[in-house]
Amino acid sequence: MPEVIVYAHDRFVDHRPPAGHPERPERFGAAVDGLTAAGLADALEWREPTSAPVEAILGVHDRGHVDHLERVGGQEGVRLDPDTHMSSHSLEAARLAAGAGLDAIDALRAGDGSAAFCLVRPPGHHARPNEAMGFCLYNNIAVAADALTRAGERVAIVDYDAHHGNGTQDIFFDRDDVLFVSLHEYPQYPGTGAGTEVGRDAGLGSTINFPMPSGSTGDAYLEAFDTVVIPSIERFGADWILISAGFDAHRDDPLTNLGLTSGDHAALTRRLADSSSRGRTIAFLEGGYDLDALALSTVGCVGALIGPDTSLDVELEAQSSGGPGREIVAAVRDLHNQLAD
Ligand SMILES: [Zn+2]
(Lines give C-alpha, C1' and ligand atoms only; values in the text may rest on other atoms or scores of the structure.)
Protein backbone atom coordinates (compact mmCIF):
# COMPACT_ATOMS: atom_id res chain seq x y z
CA MET A 1 0.00 0.00 0.00
CA PRO A 2 1.35 3.45 -0.83
CA GLU A 3 1.90 5.51 2.28
CA VAL A 4 0.88 8.88 0.88
CA ILE A 5 -1.65 9.88 -1.76
CA VAL A 6 -0.80 13.00 -3.76
CA TYR A 7 -3.72 14.86 -5.32
CA ALA A 8 -2.68 16.75 -8.44
CA HIS A 9 -4.39 17.80 -11.66
CA ASP A 10 -3.24 19.34 -14.96
CA ARG A 11 -5.86 22.07 -14.48
CA PHE A 12 -3.72 23.47 -11.67
CA VAL A 13 -1.35 24.75 -14.36
CA ASP A 14 -4.21 26.48 -16.19
CA HIS A 15 -4.94 28.98 -13.41
CA ARG A 16 -2.96 31.89 -14.84
CA PRO A 17 -2.58 35.16 -12.95
CA PRO A 18 -1.00 38.01 -14.98
CA ALA A 19 2.64 37.74 -16.08
CA GLY A 20 5.07 38.43 -13.26
CA HIS A 21 2.68 37.27 -10.54
CA PRO A 22 4.53 35.22 -7.89
CA GLU A 23 1.75 32.61 -7.59
CA ARG A 24 2.50 31.33 -11.07
CA PRO A 25 1.75 28.07 -12.92
CA GLU A 26 5.40 26.99 -12.82
CA ARG A 27 5.03 26.38 -9.08
CA PHE A 28 2.98 23.25 -9.78
CA GLY A 29 5.58 21.67 -12.07
CA ALA A 30 8.40 22.56 -9.70
CA ALA A 31 6.71 20.70 -6.86
CA VAL A 32 5.85 17.68 -9.03
CA ASP A 33 9.37 17.53 -10.44
CA GLY A 34 10.82 17.83 -6.95
CA LEU A 35 8.88 14.80 -5.73
CA THR A 36 9.88 12.83 -8.82
CA ALA A 37 13.57 13.73 -8.49
CA ALA A 38 13.51 12.71 -4.83
CA GLY A 39 12.80 9.12 -5.81
CA LEU A 40 9.57 8.88 -3.84
CA ALA A 41 7.57 7.26 -6.65
CA ASP A 42 7.14 3.89 -4.94
CA ALA A 43 5.79 5.45 -1.75
CA LEU A 44 3.32 7.77 -3.47
CA GLU A 45 0.07 7.23 -5.28
CA TRP A 46 -0.92 10.05 -7.61
CA ARG A 47 -4.61 10.72 -7.99
CA GLU A 48 -6.65 13.39 -9.75
CA PRO A 49 -9.12 15.16 -7.46
CA THR A 50 -12.75 15.74 -8.36
CA SER A 51 -14.45 19.12 -8.15
CA ALA A 52 -15.89 20.09 -4.79
CA PRO A 53 -19.71 20.13 -4.82
CA VAL A 54 -21.06 23.65 -4.46
CA GLU A 55 -22.84 22.59 -1.25
CA ALA A 56 -19.47 21.73 0.33
CA ILE A 57 -18.04 25.13 -0.63
CA LEU A 58 -21.13 26.79 0.79
CA GLY A 59 -20.28 25.25 4.15
CA VAL A 60 -17.58 27.90 4.57
CA HIS A 61 -18.32 30.59 1.95
CA ASP A 62 -21.28 32.91 1.51
CA ARG A 63 -23.61 32.32 -1.42
CA GLY A 64 -22.67 35.77 -2.74
CA HIS A 65 -18.98 34.87 -3.02
CA VAL A 66 -19.70 31.55 -4.73
CA ASP A 67 -22.17 33.17 -7.13
CA HIS A 68 -19.68 35.91 -7.99
CA LEU A 69 -16.94 33.45 -8.92
CA GLU A 70 -19.42 31.38 -10.94
CA ARG A 71 -20.54 34.51 -12.77
CA VAL A 72 -17.05 35.65 -13.79
CA GLY A 73 -15.69 32.09 -14.19
CA GLY A 74 -14.57 31.32 -17.74
CA GLN A 75 -13.52 34.89 -18.42
CA GLU A 76 -9.95 35.94 -19.03
CA GLY A 77 -8.21 38.58 -16.92
CA VAL A 78 -10.66 38.95 -14.02
CA ARG A 79 -9.23 40.98 -11.11
CA LEU A 80 -10.83 40.07 -7.78
CA ASP A 81 -8.55 42.16 -5.56
CA PRO A 82 -5.17 43.83 -6.15
CA ASP A 83 -3.36 40.47 -5.75
CA THR A 84 -5.98 37.96 -6.83
CA HIS A 85 -6.90 37.21 -10.42
CA MET A 86 -8.73 34.65 -12.52
CA SER A 87 -8.11 33.33 -16.00
CA SER A 88 -10.51 31.29 -18.12
CA HIS A 89 -9.80 27.98 -16.31
CA SER A 90 -9.32 29.37 -12.80
CA LEU A 91 -12.77 28.47 -11.57
CA GLU A 92 -12.30 24.85 -12.62
CA ALA A 93 -8.92 24.79 -10.87
CA ALA A 94 -10.39 26.33 -7.73
CA ARG A 95 -13.19 23.77 -7.55
CA LEU A 96 -10.70 20.93 -8.04
CA ALA A 97 -8.41 22.44 -5.38
CA ALA A 98 -11.32 22.60 -2.94
CA GLY A 99 -12.32 19.05 -3.88
CA ALA A 100 -8.88 17.53 -3.29
CA GLY A 101 -9.25 17.59 0.47
CA LEU A 102 -12.70 16.01 0.29
CA ASP A 103 -11.34 13.19 -1.87
CA ALA A 104 -8.41 12.78 0.51
CA ILE A 105 -10.80 12.40 3.44
CA ASP A 106 -12.68 9.63 1.62
CA ALA A 107 -9.46 7.86 0.64
CA LEU A 108 -7.95 7.92 4.13
CA ARG A 109 -11.23 6.76 5.66
CA ALA A 110 -11.18 3.85 3.22
CA GLY A 111 -7.67 2.96 4.34
CA ASP A 112 -6.07 3.71 0.98
CA GLY A 113 -3.10 5.49 2.59
CA SER A 114 -1.88 6.94 5.85
CA ALA A 115 -1.70 10.57 4.76
CA ALA A 116 -2.37 12.81 1.77
CA PHE A 117 -0.76 15.83 0.14
CA CYS A 118 -3.00 18.11 -1.92
CA LEU A 119 -0.68 19.67 -4.51
CA VAL A 120 -3.16 22.34 -5.50
CA ARG A 121 -3.40 25.78 -7.09
CA PRO A 122 -4.88 28.27 -6.41
CA PRO A 123 -4.01 28.23 -2.69
CA GLY A 124 -6.74 28.83 -0.12
CA HIS A 125 -5.90 30.08 3.37
CA HIS A 126 -6.53 33.80 2.74
CA ALA A 127 -9.97 33.23 1.19
CA ARG A 128 -12.58 34.66 3.57
CA PRO A 129 -16.23 33.66 3.90
CA ASN A 130 -17.38 36.46 1.62
CA GLU A 131 -14.39 37.21 -0.62
CA ALA A 132 -11.33 35.99 -2.48
CA MET A 133 -8.07 37.40 -1.13
CA GLY A 134 -4.31 37.04 -1.35
CA PHE A 135 -4.08 34.71 -4.39
CA CYS A 136 -6.84 32.50 -2.89
CA LEU A 137 -10.32 31.88 -4.37
CA TYR A 138 -11.85 29.18 -2.17
CA ASN A 139 -10.48 28.18 1.23
CA ASN A 140 -9.48 24.61 0.37
CA ILE A 141 -8.44 23.50 3.85
CA ALA A 142 -11.54 25.03 5.44
CA VAL A 143 -13.82 23.17 3.04
CA ALA A 144 -12.22 19.90 4.16
CA ALA A 145 -12.29 20.81 7.86
CA ASP A 146 -15.94 21.82 7.66
CA ALA A 147 -16.87 18.53 5.99
CA LEU A 148 -15.13 16.63 8.78
CA THR A 149 -16.87 18.54 11.57
CA ARG A 150 -20.24 17.87 9.95
CA ALA A 151 -19.41 14.20 10.39
CA GLY A 152 -18.72 14.82 14.09
CA GLU A 153 -14.92 14.77 13.84
CA ARG A 154 -12.58 17.16 15.63
CA VAL A 155 -10.05 18.89 13.43
CA ALA A 156 -6.76 20.64 14.13
CA ILE A 157 -5.50 22.96 11.39
CA VAL A 158 -1.84 23.93 11.58
CA ASP A 159 -0.77 26.69 9.19
CA TYR A 160 3.00 27.15 8.84
CA ASP A 161 2.80 29.27 5.69
CA ALA A 162 4.75 32.52 6.23
CA HIS A 163 1.53 34.53 6.05
CA HIS A 164 -1.27 34.49 8.58
CA GLY A 165 -4.11 32.18 7.56
CA ASN A 166 -6.65 34.92 8.09
CA GLY A 167 -9.39 33.37 5.97
CA THR A 168 -9.25 30.08 7.83
CA GLN A 169 -9.21 31.94 11.15
CA ASP A 170 -12.27 33.98 10.18
CA ILE A 171 -14.21 30.87 9.22
CA PHE A 172 -13.58 29.01 12.49
CA PHE A 173 -13.02 31.89 14.96
CA ASP A 174 -16.12 31.18 17.09
CA ARG A 175 -16.15 27.39 16.80
CA ASP A 176 -14.92 24.85 19.32
CA ASP A 177 -14.72 21.87 16.96
CA VAL A 178 -11.75 23.24 14.97
CA LEU A 179 -8.42 24.15 16.56
CA PHE A 180 -6.64 26.68 14.35
CA VAL A 181 -2.91 27.33 14.82
CA SER A 182 -0.92 29.72 12.64
CA LEU A 183 2.79 30.54 12.75
CA HIS A 184 3.63 33.48 10.50
CA GLU A 185 5.92 36.42 10.02
CA TYR A 186 4.57 39.50 11.80
CA PRO A 187 4.07 42.20 10.77
CA GLN A 188 3.53 40.97 7.25
CA TYR A 189 0.64 40.60 4.80
CA PRO A 190 -2.31 40.41 5.56
CA GLY A 191 -1.70 42.25 8.88
CA THR A 192 -3.74 39.97 11.13
CA GLY A 193 -2.52 37.17 13.38
CA ALA A 194 -1.51 38.95 16.59
CA GLY A 195 -1.07 36.67 19.57
CA THR A 196 -4.11 38.24 21.20
CA GLU A 197 -6.40 36.85 18.47
CA VAL A 198 -7.47 33.74 20.38
CA GLY A 199 -10.99 32.97 19.18
CA ARG A 200 -14.37 34.12 20.42
CA ASP A 201 -17.41 32.75 22.27
CA ALA A 202 -17.39 28.95 22.09
CA GLY A 203 -14.13 29.20 20.12
CA LEU A 204 -12.25 31.13 22.80
CA GLY A 205 -8.80 29.56 23.07
CA SER A 206 -9.25 27.47 19.91
CA THR A 207 -7.29 29.95 17.78
CA ILE A 208 -3.55 30.12 18.50
CA ASN A 209 -1.41 32.68 16.68
CA PHE A 210 2.38 32.91 16.75
CA PRO A 211 3.38 36.33 15.33
CA MET A 212 7.00 35.42 14.58
CA PRO A 213 9.65 38.09 14.04
CA SER A 214 11.57 38.40 10.77
CA GLY A 215 14.55 36.05 10.70
CA SER A 216 12.92 33.39 12.88
CA THR A 217 14.53 29.98 12.44
CA GLY A 218 13.45 26.39 12.78
CA ASP A 219 14.51 26.01 16.40
CA ALA A 220 11.94 28.60 17.50
CA TYR A 221 9.28 26.90 15.39
CA LEU A 222 10.10 23.51 16.92
CA GLU A 223 9.92 25.03 20.38
CA ALA A 224 6.46 26.34 19.51
CA PHE A 225 5.46 22.88 18.33
CA ASP A 226 6.87 21.05 21.36
CA THR A 227 5.61 23.45 24.04
CA VAL A 228 2.30 24.66 22.60
CA VAL A 229 1.14 23.21 19.30
CA ILE A 230 1.46 19.47 19.91
CA PRO A 231 0.20 19.62 23.53
CA SER A 232 -2.76 21.72 22.34
CA ILE A 233 -3.63 19.24 19.60
CA GLU A 234 -3.49 16.38 22.07
CA ARG A 235 -5.56 18.22 24.68
CA PHE A 236 -8.07 19.15 21.98
CA GLY A 237 -8.37 15.51 20.93
CA ALA A 238 -8.03 16.02 17.21
CA ASP A 239 -9.26 13.19 15.01
CA TRP A 240 -7.60 14.78 11.97
CA ILE A 241 -4.67 17.12 11.46
CA LEU A 242 -4.85 19.34 8.40
CA ILE A 243 -1.74 21.30 7.46
CA SER A 244 -1.68 24.57 5.52
CA ALA A 245 1.68 23.71 4.04
CA GLY A 246 2.97 26.90 2.54
CA PHE A 247 6.70 26.98 2.00
CA ASP A 248 7.27 30.73 1.83
CA ALA A 249 8.81 30.71 5.31
CA HIS A 250 11.88 29.29 3.54
CA ARG A 251 14.89 31.58 3.84
CA ASP A 252 15.12 31.94 0.03
CA ASP A 253 11.52 33.06 -0.45
CA PRO A 254 11.31 36.42 -2.26
CA LEU A 255 8.12 37.64 -0.51
CA THR A 256 9.04 37.12 3.14
CA ASN A 257 11.92 37.35 5.62
CA LEU A 258 11.82 34.18 7.70
CA GLY A 259 14.74 31.77 8.01
CA LEU A 260 13.37 28.25 7.59
CA THR A 261 14.82 25.50 5.38
CA SER A 262 13.50 22.39 3.66
CA GLY A 263 14.90 20.43 6.61
CA ASP A 264 12.75 22.50 8.95
CA HIS A 265 9.65 21.88 6.86
CA ALA A 266 10.37 18.15 7.09
CA ALA A 267 10.86 18.30 10.88
CA LEU A 268 7.72 20.35 11.49
CA THR A 269 5.60 18.07 9.32
CA ARG A 270 7.02 14.99 11.05
CA ARG A 271 6.06 16.37 14.46
CA LEU A 272 2.47 16.77 13.27
CA ALA A 273 2.30 13.35 11.65
CA ASP A 274 3.65 11.77 14.84
CA SER A 275 1.00 13.48 16.93
CA SER A 276 -1.81 12.19 14.74
CA SER A 277 -2.54 8.98 16.58
CA ARG A 278 -5.01 7.68 14.04
CA GLY A 279 -2.72 8.51 11.17
CA ARG A 280 -5.07 10.92 9.49
CA THR A 281 -3.06 13.82 8.20
CA ILE A 282 -3.74 15.89 5.09
CA ALA A 283 -1.43 18.67 3.91
CA PHE A 284 -2.51 21.38 1.49
CA LEU A 285 -0.04 23.38 -0.59
CA GLU A 286 -0.44 27.10 0.10
CA GLY A 287 2.38 29.57 -0.75
CA GLY A 288 6.08 29.24 -1.62
CA TYR A 289 7.48 31.45 -4.37
CA ASP A 290 11.11 30.44 -4.89
CA LEU A 291 10.81 27.43 -7.18
CA ASP A 292 13.85 25.54 -5.87
CA ALA A 293 12.88 26.15 -2.24
CA LEU A 294 9.30 25.13 -3.03
CA ALA A 295 10.43 21.90 -4.68
CA LEU A 296 12.78 20.89 -1.88
CA SER A 297 10.39 21.86 0.92
CA THR A 298 7.61 19.89 -0.77
CA VAL A 299 9.94 16.90 -0.75
CA GLY A 300 10.69 17.50 2.92
CA CYS A 301 7.01 17.70 3.80
CA VAL A 302 5.88 14.70 1.76
CA GLY A 303 8.88 12.63 2.85
CA ALA A 304 7.97 13.36 6.45
CA LEU A 305 4.38 12.29 5.82
CA ILE A 306 5.65 8.98 4.41
CA GLY A 307 7.65 8.19 7.52
CA PRO A 308 10.45 9.17 9.88
CA ASP A 309 13.28 7.50 7.98
CA THR A 310 12.26 8.07 4.37
CA SER A 311 15.27 7.87 2.10
CA LEU A 312 15.51 10.61 -0.49
CA ASP A 313 17.56 10.88 -3.67
CA VAL A 314 18.02 14.59 -2.97
CA GLU A 315 19.53 16.19 0.09
CA LEU A 316 17.44 18.50 2.24
CA GLU A 317 19.03 21.57 3.75
CA ALA A 318 20.03 21.31 7.41
CA GLN A 319 17.54 22.51 10.02
CA SER A 320 18.09 26.16 10.92
CA SER A 321 18.73 27.72 14.31
CA GLY A 322 19.96 30.83 16.05
CA GLY A 323 17.31 33.31 14.93
CA PRO A 324 14.82 35.20 17.08
CA GLY A 325 11.34 34.06 18.04
CA ARG A 326 11.62 32.16 21.31
CA GLU A 327 10.30 35.08 23.37
CA ILE A 328 7.18 35.22 21.22
CA VAL A 329 6.70 31.48 21.63
CA ALA A 330 6.95 31.82 25.42
CA ALA A 331 4.45 34.69 25.45
CA VAL A 332 1.94 32.74 23.37
CA ARG A 333 2.40 29.73 25.63
CA ASP A 334 1.73 31.81 28.75
CA LEU A 335 -1.33 33.47 27.23
CA HIS A 336 -2.92 30.15 26.23
CA ASN A 337 -2.05 28.50 29.53
CA GLN A 338 -4.00 31.30 31.24
CA LEU A 339 -6.95 30.78 28.89
CA ALA A 340 -6.93 27.04 29.61
CA ASP A 341 -7.04 27.56 33.40
ZN1 LIG B 1 2.13 32.71 2.23
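# A walk from the zinc site outward

Along the chain, the donors of the zinc ion are spaced D-x1-H-x84-D. Donors here are N, O and S atoms within 2.8 Å of the metal (3.2 Å for Na, K and Ca); water is not among the atoms, so sites may look incomplete. One part of this pattern links distant parts of the chain: His163 and Asp248 are 85 residues apart. His163 is in the loop between β6 (155-159) and α6 (166-172). Asp248 is in the loop between β9 (240-245) and α8 (262-275). Helices (H or I, at least four residues) and strands (E, at least two) are DSSP runs, numbered from the N terminus.

This is a predicted model: local features need pLDDT of at least 70, side-chain atom pairs count only at pLDDT 80 or more, and totals for chains, interfaces and linings use all residues. Residues are numbered from 1 along each chain as its sequence is written, and side-chain values use heavy atoms, with hydrogens and water left out.

Back to the metal. The protein donors are Asp161 (OD), His163 (ND1) and Asp248 (OD). They lie 2.0 to 2.1 Å from the zinc ion. Are His163 and Asp248 buried or exposed? His163 is buried, because its relative accessible area is 7%. Asp248 is buried too, at 0% relative accessibility. Buried means under 20% relative accessible area, exposed over 50%, and partly exposed in between (1.4 Å probe, protein chains only).

Next, look at Ile141. This residue sits in helix α5 (residues 140-150). Ile141 is buried, with a relative accessible area of 0%. Which residues does Ile141 touch? Leaving out residues up to four places away in sequence, they are Ile157, Thr168, Leu242, Ile243, Ser244, Phe284 and Glu286. Contact means heavy atoms within 4.5 Å. Arg280 is 139 residues from Ile141 along the chain, and their C-alpha atoms are separated by 14 Å.

Now turn to Ile282, in strand β10 (residues 281-285). Ile282 is buried, with a relative accessible area of 0%. Neighbours within four places aside, Ile282 is in contact with Gly101, Ala104, Ile105, Leu108, Ala116, Cys118, Trp240, Ile241, Leu242 and Ile243. Leu305 is 23 residues from Ile282 in sequence. From C-alpha to C-alpha, the two are 8.9 Å apart in space.

Helix α3 (residues 63-72) shows how a helix can have a buried side. His65, Val66, Leu69 and Val72 are buried there. They cover an arc of only 145° around the axis, so they are on the same side of α3. The arc is that of the directions from the helix axis to the C-beta atoms. An α-helix has 3.6 residues a turn, so residues three or four places apart point the same way. The buried residues of α3 pack against α2 (54-57), β3 (78-81), β4 (84-86) and α4 (90-109). Just after α3 comes Gly74, with a positive phi of about 95°.

Some backbone angles deserve a look. Most residues other than glycine have a negative phi, and most peptide bonds are trans. Phe135 is not a glycine, yet its phi is positive, at about 75°. Phe135 lies in the loop between β5 (115-118) and α5. Phe135 is buried, with a relative accessible area of 15%. Asp201 also is not a glycine and has a positive phi, of about 55°. Asp201 is exposed, with a relative accessible area of 63%.

Asp201 belongs to the loop between β7 and β8. Pro187 is in the loop between β7 (178-185) and β8 (207-212). The peptide bond from Tyr186 to Pro187 is cis, with omega near -5°. Pro190 is in the loop between β7 and β8 as well. The bond from Tyr189 to Pro190 is cis, with omega near 0°.

Ser206 is also found in the loop between β7 and β8. Ser206 is buried, with a relative accessible area of 10%. Residues up to four places away are not counted, and Ser206 touches Arg175, Asp176, Val178, Leu179, Phe180 and Val198.
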